[in-house]
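I set down here what I looked up in this structure, entry by entry.

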Amino acid sequence: MATTRNIPEYDRKSELKAFDDSKSGVKGLLDGGMTKIPLMFIHPRYNPDAKSESAVSQFRVPLIDLDGVKDNATVRAKIIDQVRGACENWGFFQVVNHGIPASVLEEMIDGIRGFHEQDTQMKKEFYTRDFKDKVSFVSNFDLFEATAATWKDSLSWPMVPNPPDPTEFPAVCRDIVTEYSKQVKRLGYTLFELLSEGLGLHVNHLKDTGCAEVIFHVGHYYPPCPEPELTLGASRHADSGFLTVLLQDQVGGLQVLHQNQWIDLVPMPGALVINVGFSLQVITNDRFKSIEHRVLANRVSSRVSMASAFGTTLFPSSKLYSPIKELLTQENPPKYKEATLQAHVAYLRGKRV
Ligand code: OGA
Ligand code: NI
């Protein structure tokens, strides 16, 4: 059960500005020896001690083995069924044997950790809220809009269609960024093919609809938190794009809202987490569900994750979307009118609140 916390009066605007101006993120606060979290990070309605918010549950996010998906028709048909079921019932699943070598996953995690744990002066050069066509280091994309800040810093970059020049990437992760991006793009294509077939559409339908036209990467760093029960690593939200591929380290903390319970998404070595975004929910006429998730803060260790968003409404586009015609019947009329993804997502977000 959520409770409401009383937060003392403070000059929130000035605190946010001072924090942003420091260009050092949450990690910078800790490096400075901070032992109590600043008021701007306190989430007034979050109380993880309440038992109903702890994630002891009989539910498990589906785990799907992609082994044989390209070379065995029977196996492929079974995988397609599993993927479709997961998108309809969970909006989330994990995949193993996805074709990205374990060494690439490890190096990507190490690269993101390496960036965030390097000397603050080096990081400051990348600090900017202008993330659209640049490599950007920032803490809390929505710092000035959200009701409470979250306990994380992020390094982001657009990869498709306009990637930054390789020399613009931080030296500690430059090489692995290129390799990981290439591999994750291929996996994304495979997933859109499976999803298309799962919907009874031509194998290329979702790719041709533009689902992989934009790929945006975010490498998150969640520093250890001295007061984890007062804040969150990531507030509850649903992703705005079509599909997100998430690589996480083994620390844990990601939770998915399923049947009104927060379920731990337990990390598994070599696995990748896949989740449906609002845009895919719209074009499948609510058949695939975009599910809310959050990340808990923890006292003991830092956590690293790397999200690759296929589609995002961070980059406004005038392209219009409506539910895919082939999926509509008299019994299943369109639930959405033709509109930009920004408009669809704003509408869906509004409905959830
Ligand atoms: C996100 C997200 C979860 C995580 O980037 O949208 O939900 O584990 N990340 O970092
Ligand atoms: Ni998310």
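How many bridges join strand 8 to strand 11, and in which sense do the two run? I worked from a predicted model throughout.

**Entry 1. The four-stranded sheet.**
I found that three bridges join strand 8 (residues 254-258) to strand 11 (residues 293-295), and that the two strands run antiparallel. Within this pair I noted leucine 254, which stands opposite valine 295 of strand 11. I then looked up the sheet to which both belong: an open sheet of four strands in the order 6-11-8-9, paired antiparallel. At its edges I recorded strand 6 (234-237) and strand 9 (261-264), each of which pairs on one side only. From one strand to the next I read an average twist of 25°.

I next traced an open sheet of eight strands, whose order is 1-2-10-7-12-5-4-3 and whose pairing is mixed. Why is one side of strand 1 and of strand 3 left without a neighbour in the sheet? I concluded that strand 1 (63-65) and strand 3 (136-138) stand at the edges with a single partner strand each, so one side of each has no neighbour there. For this sheet I noted that neighbouring strands are turned by 25° against each other on average, with direction ignored.

I examined one pair in it more closely. Strand 7 (residues 243-248) and strand 10 (residues 272-276) pair in the antiparallel sense over four bridges. I identified valine 276 in strand 10 as the bridge partner of leucine 243. I also checked helix 3 (residues 73-89), which lies across strand 1, strand 2 (92-96) and strand 10. Helix 3 runs at about 160° to strand 1.

**Entry 2. The surroundings of ligand 1.**
Which residues surround ligand 1? I listed His220, Tyr222, His237, Asp239, Leu246, Leu254, His293, Val295, Arg303, Ser305 and Ala307. Leucine 254 and valine 295, which I had found opposite each other, are both among these residues.

I then looked up the polar contacts of the ligand. An N or O atom in the side chain of tyrosine 222 is 2.6 Å from an oxygen atom of ligand 1. For arginine 303 I read 2.9 Å between a polar side-chain atom and an oxygen atom of the ligand. For aspartate 239 the corresponding value is 3.2 Å, again from a polar side-chain atom to an oxygen atom of ligand 1. I noted that the protein covers 89% of the 290 Å² of accessible area that ligand 1 has on its own.

As to the elements involved, strand 5 (215-222), strand 11 and strand 12 (303-310) each give two or more residues to the shell. Strand 12 gives the most, with three residues. By class, I recorded five nonpolar, four polar and two charged residues in the shell around ligand 1.

**Entry 3. Backbone points.**
Where does proline 161 have its place? I located proline 161 in the loop between strand 4 (153-160) and helix 6 (174-198). A cis peptide bond joins valine 160 to proline 161, with omega about 5°.

I also noted lysine 23, in the loop between helix 1 (12-22) and helix 2 (25-31). Phi of lysine 23 is near 55°, a positive value in a residue other than glycine.

Note on methods: Residues numbered from 1 in each chain as written. Chains lettered and ligands numbered in written order. Predicted model: local features only at pLDDT ≥ 70, side-chain atom pairs only at ≥ 80, totals over all residues. Heavy atoms only, no water. Pairing = 2+ DSSP bridges. Axes fitted to C-alpha atoms, helices over the stretch in contact; angles between N-to-C directions. Contact = heavy atoms within 4.5 Å. Near = heavy atom within 4 Å. Polar contact = N/O pair within 3.5 Å; in protein donor to acceptor, adjacent residues only side chain to side chain. Areas by Shrake-Rupley, 256 points an atom, 1.4 Å probe, with all protein chains shown as cover. Nonpolar A, V, L, I, M, F, W, Y, C, P; charged D, E, K, R; others polar.
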